[in-house]
Amino acid sequence: MMALKMVRGAPPQALLALCLTCCVAPLSAAPPLQGAPQRLDDGYVPVGDILYSAEDWACLHAKNLMSVERLWPRTEGEVKIPYIITYKEMNMTMLEEAIGAWEAKTCIKFLKMEEGDKRAEYLEFRAGGGCFTVTGYVEGEVTVSIVDTCKGRSVKHEIGHALGMRHEHKRSDRDNNVIVVRENIDPKMASNFEFSETINCGIPYDYFSLMHYQDTAASINGKRVLVAKDPRFQDIMGEGTEITHWNAKLANTMYKCVDDWLEACGQTSDPCENGGYIQKDCSCACPLGTSGDKCQEFAMSYRDALLEKYSPYTSVINTPGAEVTSPGYPNDGPQEAIRYTQVMQAPKCKKAVVTFTDFQLGEEDDMPNCKYTSTLEIRTDVSVGDGKIFCGEGIKNQQVFKSDNSELIFHYKNYDFLGNGGENAYRGYTAVFTTEDIPGCR
Ligand SMILES: [Zn+2]
């Protein structure tokens, strides 16, 4: 309920940020749970009609929940979450789509409560000046979801919290995947970036998770708060609008859906490979990059497959002498709005050097950082969260850029001229990648 108080007292600009980022009451602020289940002598932990193995218990306890008491209970082998809508102007299409998406990928069902239903625990979608959810189920309490300003994917994100999920960028392995730039975080939102000691149950860190923030979410100054350690993912971080394979696998593991399906399908262990898992119809749910009835055909890693699908112009350039160009240069630039990243990667002890021979990106505007035109941002190292932004003819012929270490990073963003009644009638850019020694490096 802390979140509620915070919203009501927040100034308008904070409300906007909250709405964009879907804050959640931090678990660390929750009161200690009473009557935690007792571990049996053999390590098993009984909760309701479920017996958790020591391993599963550790996983659930540490991964996303303070306790399995934060899981909605199962009755007669089913997870049913009752809900009411007290927000009169609720966007029902958006809510039904979000509920339907979770129901389609998990064994969890959402049941609209009848009038006069007096149960103590349910999920309430209410108006409250923001986009929030209290994490998970609490005995004797209403799990509140405040959705009047939620847009797009954020209703699904909030339901993820209501199921008990934490933010992806709080995971124990997040420091291998993102750099959190503390000075850019709105202090009121800092709890959303607190590190959590988690066990991750073999589920990999997912930049495209529904529970991952975008890179400038909760920023106080518009600069990046989250910087991808693998810069190829900077542009797609937190951009996923659907429940990913890993989101669904986590929910289905937490709520024992997979165990139920294995039993119903007459299997003693999961036949699906490469991170897949068995589903209700006994087929395998496979992560991107794999195929076959058991996910046995491995074409590429999930991450590489994400890029291929959602950021196909993103590339790594590591051959000295290679040309670095915008797609379709010079006469056939993309007409749709796109974003991509180019990483110029030099070997150890070498700097990446890029020499431009042509640069023209749309009309230069007089806004800071070329707000209403196409842009190229150049970062000189992965530790430099925000680079210099160029548009128009802002880079001269033979102008040279060098990395601080071995990586020079380009982020291209194409303003949606077509969507705004114009056309992309500029050449783009072309440059040459070379390397040079870093003095004193061995
Ligand atoms: Zn959230």
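**Strand β8 and a four-stranded sheet**

Strand β8 (residues 143-146) is covered on both faces, with Thr 143 and Ser 145 buried on one side and Val 144 and Ile 146 buried on the other. A residue is called buried if 20 or more other C-beta atoms lie within 10 Å of its own, exposed if 12 or fewer, and partly exposed in between, with C-beta atoms placed from the backbone. Strands are DSSP runs (E, at least two residues) numbered from the N terminus, as are helices (H or I, at least four residues). The model is a predicted one, in which local features need pLDDT of at least 70 and side-chain atom pairs count only at pLDDT 80 or more, while totals for chains, interfaces and linings use all residues. Residues are numbered from 1 along each chain as its sequence is written.

Strands of a sheet pair through backbone hydrogen bonds, either parallel or antiparallel, and two strands are taken to pair if DSSP finds at least two bridges between them. Strand β6 (residues 123-126) runs parallel to β8 and is joined to it by 4 bridges, with Thr 143 of β8 as the bridge partner of Leu 123. Strand β7 (residues 132-133) runs antiparallel to β8 through 2 bridges, and here Thr 133 stands opposite Ser 145.

Elsewhere, 4 strands form an open antiparallel sheet in the order β16-β23-β18-β21. Because β16 (323-325) and β21 (400-402) stand at the edges, each with a single partner strand, one side of each is left without a neighbour in the sheet. Neighbouring strands of this sheet are turned by 30 degrees against each other on average, direction ignored, where the axes are lines fitted to C-alpha atoms (for helices over the stretch in contact) and angles run from 0 to 180 degrees between N-to-C directions. Within the sheet, 10 bridges join β18 (residues 350-360) to β23 (residues 428-437) in antiparallel fashion, and Thr 355 stands opposite Val 432 in β23.
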